[in-house]
Amino acid sequence: MIADMKLRLTITSGTLSGQVFDLESGFMTVGRGETCTVRFDPLGERIASKQHAFIEARPDGYYIADNNSTNGTIVNGERVQRSKLASGDTVQFGKNGVTATIQIQDGQMFQHPIPQESFRQLQLDQFQEAAQHQPDSFQNSIVNIGLGSLPTAAAAAPQKRSPLALRIAAVIVILTIAFLTVVVFALFTVVLAPTQGGLTVENLLIGVVIALIATIVAFIPAMLYVLPLLWLDRYDPEPMWLLALAFAWGALVAVLVSFVINTGVDYSVAGILGGAEGQYIGNLIGGIISAPIVEEGSKGVGLLILLIFFRRYFDDVLDGIVFAGVIALGFSTVENVLYYGRAIGMAGVGGLMFLFFLRGVLSPFAHVTFTSMTGIGCGISRESHNTIIKILMPMLGYTCAVCLHAFWNSMAFLLGMEGFLFGYVFLEFPFFLIFVLFCALIMWRQNRILKEMLAIDVARGLIPEKHMKKATSAFLSTFWVTGGFFQGKYRARRKYCRAIGKLGLSYWHIQRATAAQGHTGSFQQNPILREEVLRWRDQVD
């Protein structure tokens, strides 16, 4: 059987000289990258590329393929793109690069190769067995993947849910959102209603009209504000239902909790101290102390729920920023309804336009920036396998969010309009630009991770190179997917790009988990994601 075959790669020069690497099935990767089975010194052996080449077991023998390396792969003195290996061959990874020799045990058994279908099934069986157990290393998990990618019973089992249970859960969530929406709108109607004459029907109707106008003014721009967050998440877009739940948490739960607690603090302090001074101090404590702590806390709880219970969708720091941004956008949108409504009641259309300029034009992403600090902390926690970091980083992120929020509110309460504008131009806006640059850096980092993790799948043909370039490009991916609207391929391209992104991140999670001797659900998700890539690959062109 082919399973009895073994290729032995012996390094004969460089820092790995004398080391031996064996391959029986699947493939081994060679280069300077962290994910390579044979990893050269990343600093001292730069002739080799990060993902230089790979050696693969095929039905009729072992083959070496160059992975578009800078300096090429040389077999027996000749530069090759792909070549069948034989015992005694010498391989050089780049001109003047590291050299190695090849030995193939029982090579005569390749004279009668098994059929391609049987070989494929053998590799699938080997991968299915490996997928049910945690590999000893990331390299071993890659080797065991083989050519196939069908969901195994063990891998698919966690995905099954009772249709009835899903329907019940969906109904409960929808009813809860509807109930909270009614509660928040009714509360805002009472708050925005004129106070002269008490809560009469006429005053309540006026409150309803004001609340409706403020809702329209607040929600229409929010549809535009969410687009940058969706674009940030283009490599691995989260399901819309989960983003909708995140928005609803910020818009309803966080707003309701914050409104009740902040109002209670404000009135309690004012009642205890009494008089105009008590009212001023109550507003001050409520705005500078209570609001940052409570609002960032209520939004942060939503992030923790996503991190703990929706872990499969929460991959890294970028996801933390996106989820935090959506929650914060939901909060600020509904909060704006209250502020805009009060502006209408106090100063009419002129007051509304002025406040819209301050909150809707100058600072629409203020809450997004604050809460993203908690999101970054949760993202670092998600990426780490260190228990202390996993616990401390969300707390540190929350602390930063509270401090930024308190500083922002302090400018508004203590410095007056001129001081606020000065602080905005010279402090808050520059910080926001730094935050945008940080998001761009995180996006570039994710792009680099995907390219490195998926390099072998591109070289082996699972993902065509032209698709990889489009899927990982900041702008090509956007134009390519949206262009599918006019070709009837939008859905296929969107799902294909999402599968590519998640597949690359699954490799990354496997690498990090095995390096930390931990475990990750990506071991079970990986074969399912590979099947997703195969499913959509031929439907996008």
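1. Basis of the note. The model is predicted: local features need pLDDT of at least 70, side-chain atom pairs count only at pLDDT 80 or more, and totals for chains, interfaces and linings use all residues. Residues are numbered from 1 along each chain as its sequence is written, and side-chain values use heavy atoms, with hydrogens and water left out.

2. Strand β11. Residues 98-105 form this strand; strands are DSSP runs of E of at least two residues, numbered from the N terminus. Its covered face carries V98, A100, I102 and I104, while T99, T101, Q103 and Q105 lie on the uncovered one.

3. Partners of β11. Two strands pair if DSSP finds at least two bridges between them. Strand β1 (residues 6-11) pairs with β11 in the antiparallel sense over six bridges, and β10 (residues 90-93) pairs with β11, also antiparallel, over four bridges. A100 is the bridge partner of I11, and V91 stands opposite A100 as well. The hairpin of β10 and β11 has four residues between the strands, and G94 there takes a positive phi near 95 degrees.

4. Residue S49. This serine lies in the loop between β4 (38-39) and β5 (53-58). S49 counts as buried because its relative accessibility is 12% (buried means under 20% relative accessible area, exposed over 50%, partly exposed in between; 1.4 Å probe, protein chains only). Its contacts (heavy atoms within 4.5 Å) are G31, R32, S69 and T70, not counting residues up to four places away in sequence. The side chain of S49 also reaches the backbone nitrogen of T70 at 3.1 Å.

5. Aromatic pairs. The whole structure holds 18 aromatic pairs. The rings of Y340 and F356 have centres 6.0 Å apart and planes at 55 degrees, so this pair is tilted. (Rings of Phe, Tyr and Trp, the last by its six-membered ring, pair if their centres lie within 6.5 Å; planes under 30 degrees apart count as stacked, over 60 as edge-to-face and the rest as tilted.) Y340 is buried at 1% relative accessible area, whereas F356 is partly exposed at 26%.

6. Y424 and F429 make another tilted pair, 6.2 Å centre to centre with 40 degrees between the planes. Y424 counts as buried at 12% relative accessibility, and F429 as partly exposed at 36%.

Methods: Polar contact = N/O pair within 3.5 Å; in protein donor to acceptor, adjacent residues only side chain to side chain.
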